[in-house]
Amino acid sequence: QVVVVARDGRRTSVELKAALTRADDGTVRGLGMVFRDLTAEQAAEVERSRLAAIVESSNDVIIGKTLNGVIVSWNRAAEALFGYTAWEAIGQRVQMLLPPDREAEEMRILANLAHGLSVPPFETVRRAKDGSLVDVSVTISPIRDAAGRVVGGSKIARDIRAQKQAEQNRQKAERLEAENREIQESN
């Protein structure tokens, strides 16, 4: 890879391939050179790196999976929530995160993805490495290849245990308040 400078001063990274040209008797006649502009490839690499950094730094769990349910990407938030490292999770079936009573749910999700359908956000339960159950809000979207074919799914999950606990506490407080009113009215 070299950088060429145009007459206007613009600099462009190019790939350079060169070969000697020879006469019929084998003597060197010159040098043939082919330049290939790398601008688009470098821009694509910058974009891939930027997107990878966004996924990796997200506070939400982001998991990529094939239509067969095999995990192909796993970010740090997934590691933190579920306890599996990327090395442990990638290549495994996403069913490792499912409590037994939720397996049919995942089969419906994979079928919807195969048909190119996004799965609207929903609340569910997943299982962490230590066996604990985790309340999550999940959104799943199809992943398409360059030809537009669905090749997998992108799952974004958010831990909602704190919200669930707050809702339970609110409901308990309302029940206690109602009981107190009934006691006061009966006195």
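Buried here means under 20% relative accessible area, exposed means over 50%, and partly exposed covers what is in between, with a 1.4 Å probe and protein chains only. With that in hand, here are some notes to read beside the structure.

1. **What you are looking at.** This is a predicted model, where local features need pLDDT of at least 70 and side-chain atom pairs count only at pLDDT 80 or more, while totals for chains, interfaces and linings use all residues. Residues are numbered from 1 along each chain as its sequence is written, and side-chain values use heavy atoms, with hydrogens and water left out.

2. At 0% relative accessibility, E106 counts as buried. E106 forms a salt bridge (a side-chain nitrogen of Lys or Arg within 4 Å of a carboxyl oxygen of Asp or Glu) with K155, and their closest N and O atoms are 3.4 Å apart. This pair links distant parts of the chain, as E106 is in helix 4 and K155 is in strand 8 (residues 150-159), 49 residues apart. K155 is buried too, with a relative accessible area of 5%. Helices (H or I, at least four residues) and strands (E, at least two) are DSSP runs, numbered from the N terminus.

3. R126 is buried, with a relative accessible area of 3%.

4. **A pair within one helix.** The salt bridge count for the model comes to 16. One of them joins R170 to E174, with the closest N and O atoms 2.3 Å apart. These two are 4 residues apart in helix 5 (residues 161-186), which means about one helical turn separates them. R170 is partly exposed at 39% relative accessible area, and E174 is partly exposed at 43%. Elsewhere, salt bridges that share partners join K65, R102, E105, E106, R126 and K155 into one network.

5. **A nonpolar surface patch.** V2, L16, L20, V28, L31, M33 and F35 make a nonpolar surface patch of about 620 Å². Strand 2 (11-22) and strand 3 (28-37) are the elements that give two or more residues to the patch, and the largest share, 4 residues, comes from strand 3. Patch residues have over 30% relative accessible area and no salt bridge, with nonpolar side chains joined within 5 Å. F35 is found in strand 3 and counts as partly exposed at 45% relative accessibility.

6. **A loop glycine.** G131 lies in the loop between strand 6 and strand 7 (133-144). At 40% relative accessibility, G131 counts as partly exposed. G131 and F82 are 49 residues apart in sequence and 9.3 Å apart in space, C-alpha to C-alpha.

Definitions and conventions:
Patch = residues over 30% accessible without salt bridge, like charges linked within 9 Å, V, L, I, M, F, W, Y side chains within 5 Å. Areas by Shrake-Rupley, 256 points an atom, 1.4 Å probe, with all protein chains shown as cover.
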